[in-house]
Each structure stands twice: as structure tokens, then as C-alpha cells.
Amino acid sequence: ANFVPAPLQRQFSTYLKRIADRHSDKGYMYLQHRGGQQRIWEFHNRLMFEADGTPFVMGSAQDVTANRLAERRLREQRAAMEAVNDAALVGLFHTDSDGRWTYVNSTYERICGLHAAQAIGGGWLDAVHSDDRTRVALEWAHAAEGGGRYRSEHRYVHADGRVTWVLVQAAPIVLDGVVTGHVGCVEDVTARRHAEQSLKRSEQRLRTIADALPAMIFYLDARQRFVFANAAYERVYGGGRSVVGRYARDVHDPANYEQRRPWLARALAGERVSFELDQEIDGATRCLEFNYIPQRDDSEREVVGVHALVLDVTQQKREEARLTHLAEVDPLTGLVNRAGFMLRLTRALARSRDQHTTLAVMYLDVDHFKQINDTHGHAVGDALLQAFARRLSASLRSSDVAGRLGGDEFAVISEGVPRREYAAAVAAKIVTAMRKPFVLDGVSISVSTSVGLAFGTGSESAEAILGRADGALYRVKQAGRNGYRAAE
């Protein structure tokens, strides 16, 4: 034992006794090389005997420093990989070539509700919802046997009854052209599924409301493609079929689309627009009111689409026309009343001013009308006014406007008079027409009329030109009635 350093002599003697008792010993020695490096030796010592029974120890040792360091690095890598896997936000798993699961991370345990030992092999199927289990097992078996990719969305049920929706994806591990297993991930998509279901319910409610509204509603994206349309719109323009996904120019006939296109362009440029169009629907002409509302992106900079509300306002327009008729038409004669006449005269003067034309205004009444009322009664007087109005209208052009201003007073607007002589001839025609007796309820009544005539080019108000015509009428009456005269 002279080779043993003096400080280790006692320990070495103790070691030899242990070998004598145990007959063998093995292990690792950590030594410091002469160069200063630490080395690891694996030794194996065994008690042997000479032929004469003298004991001796035979030992072997091998420098395993490199192997031990490699093993340590491998353990460190495995530990690091497991830490990474367990820190992942998705569940991870490995399988063998038969599709049996050999590894799951801790995230997977939390998602499915099983411990790793329970999930290994085919135990993971126990966590799958009973309504999904058969489908999932068949799909997984098909992927494992064929060595293909796998994707499935299904449910896990935890021990406490909580249901988790998951998206499972796996890809094959290919080594030298042979599939040796699969690696995959499991993503908890419960929140997404709930959000999708909530959105779907909201969309269903929206569609129910939209389909129940007495209006056509739709939404176009920036490329004028339908994203949404309610039942009323699809009935009229889609023939009862969905228009979603189709472009506006393909849904409408060319003429119809061209009517809407300028308004649509303005809405896509960011302007809120409203307009009306007449269109034939179900064999009848309808008046439609369109309202286009631009939809901007989150930055409020770019228009990404247009919301549209289309209302059938035909009945409303008819009612407006009826009310206008009541407000502007004389109920006895059917001619416009004073309010309607003054409105039309104002518009006619504006056109004359813009077009540099001349118009004529005639103011006339029934001569001695009071005597007719006193002699024959108001019923006959009313009948006379009605007949007078018909004969007056028959003496005018279709473009002329005749009105009853009140009592036995009437007025006429004649636009675009080429010469003043033409209007004078019409006034003379009216005077002549009224001289023919009126036969009312078997009673023949002879009357005459006086006409005052004024000309204008739009430079004065309706009241002013009518006043001048009234002044001319007054002078006719002073001259004996039954004639006409133009204002100075």
C-alpha cells in the first residue's frame, strides 16, 4: 500500500476490510487529474484468493467522465423540456406508433381533468364527453393507423361535471420514412365556443327582428358584396333565395343598379344619404325610400361597408298627395283653390325668370252672379260654377292652370306665351265660350264673363302680378263687362 498517500492510509485499510466482508465493491470515484481537471472513474473491485488461500483484491477502473457529463446534459435538457412543456398554454402529448399516448404535460392534465398516469395509453378517451367519444375514437384510430394528421373539436367532462371544449391537433413523427408516433397539442377553446354561441344567438335574434320589420334591410361591404339581407329584401330582389355573398350589380338588373350606383358611391365615400326611387314590384309601381348609412372601421377613418334601410312609402306618398289635393283643390269645381293657385303661380314665375320667358295671368269672374243666386237659389248657382269651370278648362291648353280663387272668381296661368296677342286671343275665346247659355236642371241660364289680363317675366311676386290682373278686370267691369282687357 506504499502507493496510497499517507493521509488516506487509514481510510484505505477500512476499505480493504469492507471488501473482505462483502467480497466486492463498485462505484464512482471523483478524482483530480494531475492537470487540475476533475475526473470521474467507475470502479469495480473483487476479493480473490491465491492457490494457497492468500487473499488479494483485483480491481478495474474506467474513466467515465465524458459519459457522465453527457448523461447530465441529457437530464438537464429533459428537465428543461419538461419545464417548457409544463409552462405551455396548450396541452401537449406524445404517442407511440400504435397511437397509444406515452406523455402528457401538466397543462393537458388541467384541461382534461385527468392525471398523467390516467391519460397514458388510451385512458385519455375516458375524459371525452360520451356524446363525442365514439366519433373521436374512430377518427384517432384512423389517423394513427394511416400515419396521417389529426384534427378534432370535441368536449372533455371533468369529475365535477364541468365541460371543456377543446381543439386537438396532431402530426406524425417520421423517422427514416417510418411513422414512429404522433405529437400533438390540445387547446382550450371553451371561451371561443361560448362567444361563438352567444354571437350566433345574437345574430338569430337580430335576424328574427329584421325579418319581422316592415322594411327591407341589408349590409354591403366595401366591394358592394352582400353580407346580410333580411327576408323582405331577399323576397323582392333574390326571388326568396339568399343574396349573401353576391355582388349588388349581380343581384339587380343593370338599369336598377345604375339608379342606385351614384348614391352607393357617395355612401362608400362616407356620406349618409337618403333618396327615393319608383320601382315595379309584384306588378305594381311602388315608391321606395332608401337610406344608406356608412360603416367605418375601428379607427373611424375607412368606410368598410354600408347599412341600408329601404322603406315602401307608396301609401305615405298617396296620403300626402291626397292631403295636398284637399289642401290645394277646390272641392266644388275640382280646380285648384287660392292656396294651390298662388303656389303654382310662384313656381311659374320662377321658371319664367330662369328661362327668360313670358307668362300670362288672367283674373275673371261671372258677371252678375249674385242675381243668379238670388233668382235661382244657391244649388243652381253652385251648378253654374261647376259648369263654368268645365267650360273654362276646355278653353285652355293642357299645360295651363285654372283655379277658383273664391266665390265666382277664377284665375288662369299660361306659361311660355310666345306673343301677347296669343294670350289676348285665349281671353277672347273664354269670353265667347261663356256667352253660350248654360242648361242646368232644365233651366237655361245666360251669363257672361269679364277677364283681366297681366303679363310677367318673373321679376315680381305672385301677389303683384295677380293684383295687376285684378286691376285690369276692374276696368273691364267699369267698361260694361262681357269682355277682356290687358293691364297697362
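Student: Which side chain does the side chain of aspartate 365 make a polar contact with?
Tutor: That's the side chain of lysine 477, at 2.7 Å. A polar contact here is a pair of N or O atoms within 3.5 Å; within protein, one must be able to donate a hydrogen and the other to accept it, and residues adjacent in sequence count only if both atoms are side-chain atoms. Keep in mind that this is a predicted model, where local features need pLDDT of at least 70, side-chain atom pairs count only at pLDDT 80 or more, and totals for chains, interfaces and linings use all residues. Residues are numbered from 1 along each chain as its sequence is written, and side-chain values use heavy atoms, with hydrogens and water left out.

Student: Is aspartate 365 buried or exposed?
Tutor: Aspartate 365 counts as buried because its relative accessibility is 7%. Buried means under 20% relative accessible area, exposed over 50%, partly exposed in between (1.4 Å probe, protein chains only).

Student: Where is aspartate 365 found?
Tutor: In strand 14, residues 359-366. Strands (E, at least two residues) and helices (H or I, at least four) are DSSP runs, numbered from the N terminus.

Student: OK, new topic. What order does the open sheet of 3 strands have?
Tutor: The order is 1-2-3, with antiparallel pairing. Strand 1 (24-32) and strand 3 (55-63) are the edge strands, each pairing on one side only. Two strands pair if DSSP finds at least two bridges between them.

Student: How many bridges join strand 1 to strand 2?
Tutor: 9 bridges, with strand 2 covering residues 38-49. Along that pairing, glycine 27 stands opposite phenylalanine 43, and tyrosine 30 is opposite isoleucine 40. Strand 2 and strand 3 also pair over 9 bridges, in the antiparallel sense, with methionine 48 facing phenylalanine 56.

Student: Which glycine takes a positive phi in the hairpin of strand 1 and strand 2?
Tutor: Glycine 36, near 100°, in a hairpin with 5 residues between the strands. The hairpin of strand 2 and strand 3 has 5 residues between them too, and glycine 53 in the turn has a positive phi of about 90°.
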